[in-house]
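Trainee: Take me through this structure, one question at a time.

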Amino acid sequence: MPLFGAVVGLYAIIGLICFFGGLLSGATGFGALIVMIPLLLFFLDMPTAIPLGVLCSVGMQFQGALIFHAHIQTRRLIPLAIGSLPGVWLGGMFLRGLPELWLKTGLGILFLCYSFWSLAGWESGPARPPA
(Lines give C-alpha, C1' and ligand atoms only; values in the text may rest on other atoms or scores of the structure.)
Protein backbone atom coordinates (compact mmCIF):
# COMPACT_ATOMS: atom_id res chain seq x y z
CA MET A 1 0.00 0.00 0.00
CA PRO A 2 2.87 2.52 0.49
CA LEU A 3 3.55 2.46 -3.27
CA PHE A 4 -0.06 3.47 -3.94
CA GLY A 5 0.29 6.39 -1.54
CA ALA A 6 3.53 7.51 -3.18
CA VAL A 7 1.95 7.45 -6.65
CA VAL A 8 -1.13 9.34 -5.47
CA GLY A 9 1.14 11.85 -3.70
CA LEU A 10 3.16 12.36 -6.89
CA TYR A 11 -0.04 12.92 -8.89
CA ALA A 12 -1.21 15.42 -6.28
CA ILE A 13 2.09 17.32 -6.46
CA ILE A 14 1.98 17.36 -10.27
CA GLY A 15 -1.62 18.58 -10.12
CA LEU A 16 -0.67 21.38 -7.73
CA ILE A 17 2.22 22.42 -9.96
CA CYS A 18 -0.07 22.56 -12.99
CA PHE A 19 -2.70 24.43 -10.97
CA PHE A 20 -0.13 27.00 -9.83
CA GLY A 21 1.10 27.40 -13.41
CA GLY A 22 -2.49 27.91 -14.57
CA LEU A 23 -3.12 30.41 -11.80
CA LEU A 24 -0.05 32.38 -12.82
CA SER A 25 -1.02 32.21 -16.49
CA GLY A 26 -4.55 33.34 -15.71
CA ALA A 27 -3.34 36.25 -13.62
CA THR A 28 -0.60 37.47 -15.96
CA GLY A 29 -1.42 35.97 -19.35
CA PHE A 30 1.91 34.11 -19.59
CA GLY A 31 4.47 32.30 -17.50
CA ALA A 32 2.87 28.92 -16.90
CA LEU A 33 5.71 26.90 -18.42
CA ILE A 34 8.39 29.11 -16.87
CA VAL A 35 7.11 28.01 -13.47
CA MET A 36 5.86 24.52 -14.26
CA ILE A 37 8.87 23.03 -16.04
CA PRO A 38 11.51 23.68 -13.34
CA LEU A 39 9.13 22.47 -10.63
CA LEU A 40 8.14 19.36 -12.59
CA LEU A 41 11.83 18.55 -13.08
CA PHE A 42 12.15 18.04 -9.31
CA PHE A 43 9.81 15.05 -9.60
CA LEU A 44 9.99 13.82 -13.22
CA ASP A 45 12.64 13.25 -15.83
CA MET A 46 13.02 15.73 -18.70
CA PRO A 47 11.32 13.60 -21.43
CA THR A 48 8.23 13.35 -19.19
CA ALA A 49 8.18 16.84 -17.66
CA ILE A 50 8.38 18.81 -20.93
CA PRO A 51 5.45 17.12 -22.74
CA LEU A 52 3.36 17.17 -19.55
CA GLY A 53 4.00 20.88 -19.06
CA VAL A 54 3.23 21.60 -22.70
CA LEU A 55 0.04 19.52 -22.49
CA CYS A 56 -1.14 21.51 -19.47
CA SER A 57 -0.21 24.78 -21.16
CA VAL A 58 -2.01 23.86 -24.39
CA GLY A 59 -5.11 23.06 -22.36
CA MET A 60 -4.95 26.47 -20.68
CA GLN A 61 -4.39 28.24 -24.00
CA PHE A 62 -7.28 26.34 -25.60
CA GLN A 63 -9.57 27.46 -22.79
CA GLY A 64 -8.39 31.05 -23.32
CA ALA A 65 -9.00 30.72 -27.06
CA LEU A 66 -12.58 29.62 -26.38
CA ILE A 67 -13.16 32.68 -24.22
CA PHE A 68 -11.58 35.16 -26.65
CA HIS A 69 -12.45 33.44 -29.95
CA ALA A 70 -14.06 36.59 -31.34
CA HIS A 71 -10.71 38.40 -31.12
CA ILE A 72 -8.58 35.76 -32.86
CA GLN A 73 -7.08 37.06 -36.09
CA THR A 74 -6.94 33.96 -38.27
CA ARG A 75 -4.69 35.55 -40.91
CA ARG A 76 -2.02 36.10 -38.25
CA LEU A 77 -2.55 32.69 -36.67
CA ILE A 78 -1.95 30.59 -39.80
CA PRO A 79 1.77 31.51 -40.25
CA LEU A 80 2.37 30.86 -36.55
CA ALA A 81 0.72 27.44 -36.76
CA ILE A 82 2.68 26.50 -39.88
CA GLY A 83 5.93 27.75 -38.35
CA SER A 84 5.39 25.76 -35.19
CA LEU A 85 5.42 22.41 -37.01
CA PRO A 86 9.19 22.30 -37.65
CA GLY A 87 9.77 23.53 -34.09
CA VAL A 88 7.69 20.73 -32.63
CA TRP A 89 9.56 18.16 -34.71
CA LEU A 90 12.98 19.62 -33.87
CA GLY A 91 12.12 19.87 -30.17
CA GLY A 92 11.02 16.23 -30.15
CA MET A 93 14.29 15.18 -31.76
CA PHE A 94 16.28 17.16 -29.16
CA LEU A 95 14.22 15.72 -26.32
CA ARG A 96 14.79 12.16 -27.50
CA GLY A 97 18.39 12.49 -28.68
CA LEU A 98 20.28 14.78 -26.31
CA PRO A 99 21.49 13.77 -22.83
CA GLU A 100 19.29 15.04 -20.01
CA LEU A 101 22.16 17.04 -18.48
CA TRP A 102 22.54 19.02 -21.71
CA LEU A 103 18.79 19.64 -21.88
CA LYS A 104 18.61 20.82 -18.27
CA THR A 105 21.65 23.06 -18.72
CA GLY A 106 20.22 24.56 -21.92
CA LEU A 107 16.83 25.08 -20.29
CA GLY A 108 18.45 26.75 -17.29
CA ILE A 109 20.44 29.09 -19.53
CA LEU A 110 17.30 29.91 -21.51
CA PHE A 111 15.35 30.73 -18.34
CA LEU A 112 18.19 32.86 -16.97
CA CYS A 113 18.50 34.82 -20.22
CA TYR A 114 14.74 35.34 -20.36
CA SER A 115 14.69 36.48 -16.74
CA PHE A 116 17.50 38.99 -17.29
CA TRP A 117 15.83 40.23 -20.48
CA SER A 118 12.53 40.71 -18.62
CA LEU A 119 14.16 42.41 -15.63
CA ALA A 120 16.09 44.77 -17.89
CA GLY A 121 12.80 46.06 -19.31
CA TRP A 122 13.82 45.64 -22.93
CA GLU A 123 10.93 45.59 -25.35
CA SER A 124 10.65 43.68 -28.56
CA GLY A 125 8.95 45.05 -31.64
CA PRO A 126 9.09 48.40 -33.34
CA ALA A 127 10.49 51.35 -31.41
CA ARG A 128 7.92 53.70 -29.95
CA PRO A 129 8.33 57.46 -30.22
CA PRO A 130 9.22 59.16 -26.94
CA ALA A 131 6.24 60.43 -24.96
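Trainee: Which does phenylalanine 19 count as, buried or exposed?

Mentor: Phenylalanine 19 has its place in helix 1. Helices (H or I, at least four residues) and strands (E, at least two) are DSSP runs numbered from the N terminus. Under 20% relative accessible area is buried, over 50% exposed, in between partly exposed (1.4 Å probe, protein chains only). Phenylalanine 19 has 56% relative accessibility, so it counts as exposed.

Trainee: What is the mean pLDDT of the protein?

Mentor: This is a predicted model, where local features need pLDDT of at least 70, side-chain atom pairs count only at pLDDT 80 or more, and totals for chains, interfaces and linings use all residues. Residues are numbered from 1 along each chain as its sequence is written, and side-chain values use heavy atoms, leaving out hydrogens and water. pLDDT is the predictor's confidence in each residue, from 0 to 100. In this protein, 89% of the residues reach 70 or more, and the mean pLDDT is 83.

Trainee: In which helix is confidence highest?

Mentor: Start at the other end: confidence is lowest in helix 1, at a mean of 82. The highest mean, 88, belongs to residues 74-97, which form helix 4.

Trainee: In what order do the elements run from the N terminus on?

Mentor: The protein has 5 helices and 0 strands. From the N terminus on, the order of its elements is α-α-α-α-α.

Trainee: What percentage of the residues counts as buried?

Mentor: The protein has 131 residues. The buried percentage is 17%.

Trainee: Leaving aside neighbours within four places in sequence, which residues is leucine 41 in contact with?

Mentor: Leucine 41 is one of the core residues that touch the most other members. Beyond its sequence neighbours within four places, leucine 41 is in contact with Met46, Ala49, Lys104 and Leu107.

Trainee: Which residue forms a salt bridge with glutamate 100?

Mentor: A salt bridge is a side-chain nitrogen of Lys or Arg within 4 Å of a carboxyl oxygen of Asp or Glu. The whole structure has 1 salt bridge. Its closest N and O atoms are 3.4 Å apart. The partner of glutamate 100 is lysine 104.

Trainee: Which does serine 57 count as, buried or exposed?

Mentor: Serine 57 has its place in helix 3. Not counting residues up to four places away in sequence, serine 57 touches Leu33 and Met36. Its relative accessibility is 13%, so serine 57 counts as buried.

Trainee: Leaving aside neighbours within four places in sequence, which residues is serine 25 in contact with?

Mentor: Serine 25 has its place in helix 1. Serine 25 counts as buried because its relative accessibility is 10%. With neighbours within four places left aside, its contacts are Phe30, Ala32, Met60 and Gln61.

Notes. A nonpolar core is a set of buried Ala, Val, Leu, Ile, Met, Phe, Trp, Tyr and Cys residues joined through side-chain atoms within 4.5 Å. Contact means heavy atoms within 4.5 Å.
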